[in-house]
Amino acid sequence: MEIQEDILLPAIKFITCNTDNICRLCFDSIDQEPVLMEDIINLQKPYIEESITLTDIFLALDISTEPYLPQLLCVNCANMTINSYLFKKLCQYSNEKWVEAINKFSDNLKQFDSIGSNIETVFLMINRKENLILTSRKQYPLKDKKAALAKIKTILKSRTTYKKVKQKNSNICDECGEQFSSNCNLIKHMHIHSKTRYNCPECPKIFASQVQLTEHAERLHYPKKIQCAKCAKMFGTERMLNYHDKLHHVAAVCKLCLLQFPSKKLLRAHIDTHEAQKCVHCNKTFKNKYTYKFHLEICGHEGTKTPNFYCDICNKGYVRKNGLRTHLKTEHGFGSVLSCNWCGKKYDAISRLRNHIVKHTRERNFHCDQCGNKFVTHAALVYHIRLHTGEKPFKCKHCNESFLSASRRMEHMKRKHLGPTKQCPVCNVMFVTGHQLRKHVVRHYDPKSKLYVPEAVNTVSIENSQTKYDERLCNDI
């Protein structure tokens, strides 16, 4: 009863305006300097850093903030209020960190599904920033923490990357003066200057060494009776089978990012992505060093590509080695080819045949995500998307204009900078493009046209020009 009177009496005095210095929480009279509810308090803890008033703390703790009640707190109640708020924030912070740690650990456990079947031991090392998974094809017994860390340090030390020091190039051919990056490449080059040639008895190809001839025969002409146990491919010798197995079926780890790949071939393609190359002429970036080197050969001088690979049978030249291989398959029968059922064209890969077949079927398999339009080829879809984005990546080297495609840029260059180069054989009028010239020539043989000239060219030239025009239309299709 005395306790209730000690609480009710100060409350009645405040209501009747007989006193103002009453604590909002404990009802005690405040003799010292009171703490106002609107005072700003700076909170700096490892889990919280903010400036807040006691009124906002009351709201966060679900305490009534009636403005007609006392707006003062004693020092003890103010400290308890602040500590209660800090305790609530600490609970929220700890829950968030526990959830983050569990999710991070769960994400790393999901990566175990992608580990190859030949892995026997897995080390999971949890860091503050990221977790690290190390694998080994060897089987290790269970170890304590110190022993496991020592083994991980040994694995990391074996995977340490070293930068190659570029030495002065001393591999120079004495015959022609050409330089090479390694002595091995120089030895291969010296076979070119040798007068000894090794002819393949099965095909017209000629090689500079017996080793090259043997590898060629094993790869193409030996009867393929040995099948790989891990895939359906057949080989002529055990050596070619072992080479295939090491390249395609042995897991490998990238020493730069420690990612594991199911084969060395995929690892080589991945390593190229660590050295992105940028063209100095057009600022294009390439992740693959082979496409980057080929781009450097043709960038800046389209139309003047110099063939480096020639067919031994018909002496036709190609810029890339793959072009020569395709030519040998489709034109001379060295390898299996696929034919189009509509026009009979031959291709050495099913992907190229499929890309060609859609030109006959007009099947629209490529969709635009922005407007829903469908297109026959991926190139047409890319061209359409540029209409949405406004991107014009092909810049004219003579002026500041940009274009959606290389063909439009070439038309612009011919029209604005190069001038007409196509001459009509009948009236000697000059045109910019071959398409304009063909349309013009056809009018010379049309009796309904104003340009009709019956005596200008004989019938043979008419048939030849019409045949070339039809062939060009077939190629465009």
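How many helices and strands does the protein have? The protein has 15 helices and 26 strands, where helices (H or I, at least four residues) and strands (E, at least two) are DSSP runs numbered from the N terminus. This is a predicted model, in which local features need pLDDT of at least 70, side-chain atom pairs count only at pLDDT 80 or more, and totals for chains, interfaces and linings use all residues. Residues are numbered from 1 along each chain as its sequence is written, and side-chain values use heavy atoms, with hydrogens and water left out.

**Overall**

- Of the 477 residues in the protein, 25% are buried; buried means under 20% relative accessible area, exposed over 50%, and partly exposed in between (1.4 Å probe, protein chains only).
- Among the contacts in the protein with a separation of 6 or more, 22% are between residues 24 or more positions apart, a contact being heavy atoms within 4.5 Å.
- The protein exposes about 35,200 Å², and 53% of this comes from carbon and sulfur atoms; accessible areas come from the Shrake-Rupley method with a 1.4 Å probe, and for residues only the protein chains shown count as cover.

- Strand E2 (residues 40-45) pairs with strand E3 (residues 48-53) in the antiparallel sense over six bridges; two strands pair if DSSP finds at least two bridges between them.
- Two residues lie between E2 and E3, which form a hairpin.
- Within this pairing, Ile41 has Ile52 in E3 as its bridge partner, and Asn42 stands opposite Ser51 in E3.
- The count of aromatic pairs comes to one, under the rule that rings of Phe, Tyr and Trp (its six-membered ring) pair if their centres lie within 6.5 Å, with planes under 30 degrees apart counted as stacked, over 60 as edge-to-face and the rest as tilted.
- Tyr47 and Tyr93 form this tilted pair, with 6.2 Å centre to centre and 40° between the planes.
- The pair links distant parts of the chain, 46 residues apart: Tyr47 is in the loop between E2 and E3, and Tyr93 is in helix H3 (residues 75-110).
- Tyr47 counts as partly exposed because its relative accessible area is 23%; Tyr93 is also partly exposed, at 33%.

**Arg24**

- Arg24 lies in the loop between helix H1 (2-15) and strand E1 (35-36).
- The relative accessibility of Arg24 is 15%, so this residue counts as buried.
- A polar atom of the Arg24 side chain lies 2.8 Å from the backbone oxygen of Ser64.
- Leaving out residues up to four places away in sequence, Arg24 touches Phe58, Ile63, Ser64, Leu69, Pro70, Leu72 and Leu73.

**Helix H10**

- Helix H10 (residues 321-332) has twelve residues and should span 16 Å at 1.5 Å a residue, which agrees with the 16 Å between its end C-alpha atoms; the expected span is 1.5 Å times one less than the number of residues.
- Which residues of H10 are buried? They are Leu324, Thr326, His327, Leu328 and Thr330.
- These buried residues of H10 pack against strand E17 (309-310), strand E18 (317-318), strand E20 (346-347) and helix H11 (350-361).
- Gly333 follows H10 and has a positive phi, near 80°.

**Positive phi outside glycine**

- Asp62 is not a glycine, yet its phi is positive, at about 60°.
- Asp62 sits in the loop between helix H2 (54-60) and strand E4 (72-73) and is exposed, with a relative accessible area of 71%.
- Asn315, also a residue other than glycine, has a positive phi near 60°.
- The loop between E17 and E18 holds Asn315, which counts as exposed at 58% relative accessibility.

**Lys397**

- Lys397 is found in the loop between strand E23 (394-395) and strand E24 (402-403).
- At 60% relative accessibility, Lys397 counts as exposed.
- The C-alpha atoms of Lys397 and Met413 are 8.9 Å apart in space, and the two residues are 16 residues apart in sequence.

Notes:
A polar contact is a pair of N or O atoms within 3.5 Å; within protein, one must be able to donate a hydrogen and the other to accept it, and residues adjacent in sequence count only if both atoms are side-chain atoms.
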